[in-house]
Amino acid sequence: MTDEEFRYLVRDWLAKHLTGDFAGLRGVGGPGREHESFEQRLAFDRELHEAGWTPLSWPREHGGRGASIEQQLIFHEEYARADAPGRVSHMGEQLLGPTLIEFGTAEQQRRFLPPIATVTELWCQGFSEPGAGSDLASLSTSARLDGGHWRLSGQKVWTSLAHVADWCFVLARTEPDSKRSAGLSMLLVPMRQPGITVRPIRQLTGTSEFNEVFFDGARTDADLVLGQPGDGWRVARFLLGVERGTAVFGQLISYRRELDDLVAHAKRTGAAKDPLLRDRLARAWLGLEVLRSYALATVAGEADSGVGPSVMKLLWSRWHKSLGELAIEVRGATAMVAQEAPYELDSWQRLYLFSRADTIYGGSDEIQLGIIAGRALGLLPSGSKP
Ligand SMILES: Cc1cc2nc3c(=O)[nH]c(=O)nc-3n(C[C@H](O)[C@H](O)[C@H](O)COP(=O)(O)OP(=O)(O)OC[C@H]3O[C@@H](n4cnc5c(N)ncnc54)[C@H](O)[C@@H]3O)c2cc1C
């Protein structure tokens, strides 16, 4: 099948399936909107799998579609172009799945990959703690072997979708008195058990997508450690390094739609007559062109300086955050109030507030700049040996 035929196939399937019960899912879900139509989005995710689209990038022998890079790019573009709903299973499919394929035992792969693929088990990521975010190696949640089980105690925070997850991949300290990145293990922990308490965190947007998660003697089987016990840092680094990859192209199409809507609004309301706003809208357009060019160069291997993912993360997070700020200025004073009961935020207000998080999660801007300074420029932090 040619890439053009593949594109037509995706487009046609989405057009036929975003109808009937799923018609209302267009544009629903995604960051800042995870609470929307959750059950229907779950059903749509399952439909995607049944039709053989997902998991898109997993090899066929592990139950994936085995799509080429070009096909993945096309799929994400068409998915975003169709305004298809935010996926609910991305943590399992895009983060844990590839890590299980790399480090999992045959038994772990048999147990966990199929329910991720069929979207019958949802996962969350238990890394950050109140005292360990950017500096993840300082984490203190501990796990000890007790008979045939690990017993966990400690606290995670900002755990996205923990309130709907069946399982959590938890980075925990399994060797007492170990320091920093030594003595950590990646444990696969069932969420629905008495030793786990999930407490939602209310966000700036008024919704609760992430949580505090407390482990108080929570248990998981002794063999549910991914990779070797004590080697969790290597496994976690692999998982964190699973790039957004081709999914970024779908993200860029959504950004284009947001910008187009904002430009249309500016024309309609006369805001575009303001020379300063015209200038900023033009800069936003330019920024998006740069983003797309860099993303294409990265996929083509032309931007390989070992810092490609950091550059991409910085470019898109800054661009999106400034689009949120621009949207509020284009809207003017009316953007400051929620319209009417039940006083939900409109899409621009939500964009402005939620995009504040873009420069924090997935590695903050400052952390990405540190990586670029070290790897691309050879500027080592003070105290490190040359
Ligand atoms: C929307 C959202 C969803 C998230 N989902 C999850 C999830 O599902 N699972 C999970 O485990 N975590 C999740 N996180 C947590 C996220 O990974 C952390 O917020 C992030 O790693 C930053 O850690 P921190 O919040 O502790 O901030 P800190 O690390 O305390 O940073 C505070 C500030 O100091 C700066 N800083 C820190 N270290 C340095 C340094 N060395 N040099 C220069 N500046 C520095 C940072 O850039 C930041 O500005 C999520 C966060 C958000 C916002």
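Good morning. A nitrogen atom of the ligand lies 2.8 Å from a polar backbone atom of glutamine 125, a polar contact being a pair of N or O atoms within 3.5 Å; within protein, one must be able to donate a hydrogen and the other to accept it, and residues adjacent in sequence count only if both atoms are side-chain atoms. Taken alone, the ligand exposes 970 Å², of which the protein buries 62%; these areas come from the Shrake-Rupley method with a 1.4 Å probe, and for residues only the protein chains shown count as cover.

This is a predicted model, in which local features need pLDDT of at least 70 and side-chain atom pairs count only at pLDDT 80 or more, while totals for chains, interfaces and linings use all residues. Residues are numbered from 1 along each chain as its sequence is written, and side-chain values use heavy atoms, with hydrogens and water left out.

Returning to the ligand, one of its oxygen atoms is 2.7 Å from a polar backbone atom of serine 128. An oxygen atom of the ligand is also 2.6 Å from an N or O atom in the side chain of serine 134. In total, 16 residues surround the ligand, each with a heavy atom within 4 Å of it. The closest are Ser128, Ser134, Trp158, Ser364 and Glu366.

I turn now to helix 4, residues 90-103. Helices (H or I, at least four residues) and strands (E, at least two) are DSSP runs, numbered from the N terminus. A kink of about 40° lies at leucine 96, shortly before proline 98; the bend is the angle between axes fitted to the seven residues ending there and the seven starting there. Buried means under 20% relative accessible area, exposed over 50%, and partly exposed in between, with a 1.4 Å probe and protein chains only. What covers these buried residues includes helix 5 (106-117), strand 1 (123-126) and helix 6 (232-241), where contact means heavy atoms within 4.5 Å.

Finally, two single residues. Is serine 355 buried or exposed? Serine 355 is buried, with a relative accessible area of 1%, and lies in the loop between helix 10 (347-354) and helix 11 (365-375). A polar atom of its side chain is 3.2 Å from the backbone oxygen of tyrosine 352. Glutamate 258, in helix 7 (residues 247-269), is partly exposed at 23% relative accessible area.

Methods:
Expected span 1.5 Å × (residues − 1).
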